[in-house]
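Hello,

I am passing on the structure you will be working with. Please look through it first and then read the notes below it.

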Amino acid sequence: MASIKNLQMADTVLSNPNVEYRKGFMGLGSKAIYRPTGSPIAAQVLDYTADMGRKLLDVMACQPQELDKKLDSATGIAPTQIGNNHLELCLSRDHQFAALQLFTFADLVFKPLSEVKIYTGHAAQLIAKLF
């Protein structure tokens, strides 16, 4: 598990009005909460091959209404130990909130391949099936 604060997309996710960031006692520990449901949000960083990265970009580019069809055709998307595509993911425990951003490794740094995509409700549940 990664800390949400350490993600490159942290500012975008934490500025969402439906996300609350709480610090623990004396500043030790912190957690992000999806406000409408009160569910904690966990952050992950996953690596993918270039082919899998293209499939993820296709899924992220479609409209939320088209996710059902797109996910049926996007089978086999699986992370790898080391890949040149890097996905930052924030997912609430109840799968009602998901935020994703895909990066590629170029010139010795990770550069964004996509904007931060935020999904809520049914669309977030569909995206959660990938992970």
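Predicted model: local features only at pLDDT ≥ 70, side-chain atom pairs only at ≥ 80, totals over all residues.

Residues are numbered from 1 along each chain as its sequence is written, and side-chain values use heavy atoms, with hydrogens and water left out.

Cores

A nonpolar core here is a set of buried Ala, Val, Leu, Ile, Met, Phe, Trp, Tyr and Cys residues joined through side-chain atoms within 4.5 Å. Buried means under 20% relative accessible area, exposed means over 50%, and partly exposed is in between (1.4 Å probe, protein chains only). The largest nonpolar core has 24 residues, and Val-59, Leu-67, Ile-77 and Tyr-119 have the most contacts inside it. At least two residues of this core come from each of strand S3 (39–48), helix H2 (50–61), helix H3 (67–73), strand S4 (85–92), strand S5 (97–106) and helix H4 (122–128). H4 gives the most, with five residues. Helices (H or I, at least four residues) and strands (E, at least two) are DSSP runs, numbered from the N terminus. There is also a second, separate core of 13 residues, which includes Ile-4, Val-13, Phe-97 and Ala-99.

Not counting residues up to four places away in sequence, Tyr-119 touches several residues, among them Val-59, Leu-67, Phe-97 and Ile-127. Contact means heavy atoms within 4.5 Å.

A residue in S5

Gln-101 is in strand S5 and counts as buried, at 9% relative accessibility. Its side chain reaches the backbone oxygen of Ser-114 at 3.0 Å. Leaving aside neighbours within four places in sequence, the contacts of Gln-101 include Met-9, Met-60, His-86 and Pro-112.

Two loop residues

His-95 lies in the loop between S4 and S5. His-95 has a positive phi of about 60° although it is not a glycine, and it is partly exposed at 34% relative accessibility. Asp-107, in the loop between S5 and strand S6 (109–112), has a positive phi of about 55° and is not a glycine either. Asp-107 is exposed, with a relative accessible area of 64%.

Rings

The structure holds two aromatic pairs. Rings of Phe, Tyr and Trp (its six-membered ring) pair if their centres lie within 6.5 Å; planes under 30 degrees apart count as stacked, over 60 as edge-to-face and the rest as tilted. Phe-105 and Phe-110 have ring centres 5.1 Å apart and planes at 65°, so this pair is edge-to-face.

Salt bridges

There are four salt bridges, each a side-chain nitrogen of Lys or Arg within 4 Å of a carboxyl oxygen of Asp or Glu. Glu-20 meets Arg-22 in one of them (3.1 Å, N to O) and Arg-35 in another (3.6 Å, N to O). Arg-54 forms a salt bridge with Asp-51, the closest N and O atoms being 2.3 Å apart. Both Arg-54 and Asp-51 lie in helix H2, three residues apart, about one turn of the helix. Shared partners join Glu-20, Arg-22 and Arg-35 into one network of salt bridges.

Regards

Conventions. Polar contact = N/O pair within 3.5 Å; in protein donor to acceptor, adjacent residues only side chain to side chain.
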